[in-house]
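Please read the points with the model in view.

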Amino acid sequence: METVITLLAAALLAVLGTLLIHRLNAQHDARIAAHRFGDPYPSPNRPPGHGNPGPPERIADRRPTGTWP
């Protein structure tokens, strides 16, 4: 009898986990559908600081600062 209850509990947890994952995927799909991925025609007059960022700085290009040996 205990084995049957354990198997039923495991099956119930598997079903609940499947439903939770399905619901989270549906939420994620709705967020993706609602998001605008970029401007189709970018504005040439952007406010300062809102332009395209430059390439990231490489660590090898940094110069040492300070006097620590």
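1. Of the chain's 69 residues, 0% count as buried, where buried means under 20% relative accessible area, exposed over 50% and partly exposed in between (1.4 Å probe, protein chains only). The model is predicted: local features need pLDDT of at least 70, side-chain atom pairs count only at pLDDT 80 or more, and totals for chains, interfaces and linings use all residues. Residues are numbered from 1 along each chain as its sequence is written, and side-chain values use heavy atoms, with hydrogens and water left out.

2. The chain contains one helix and zero strands; helices (H or I, at least four residues) and strands (E, at least two) are DSSP runs, numbered from the N terminus.

3. Helix α1 has 33 residues and reaches 48 Å from first C-alpha to last, close to the 48 Å expected at 1.5 Å a residue; the expected span is 1.5 Å times one less than the number of residues. The number of buried residues in α1 is zero, so the helix lies largely in the open.

4. Leu-19 lies in helix α1 (residues 2–34). Leu-19 is exposed, with a relative accessible area of 52%.
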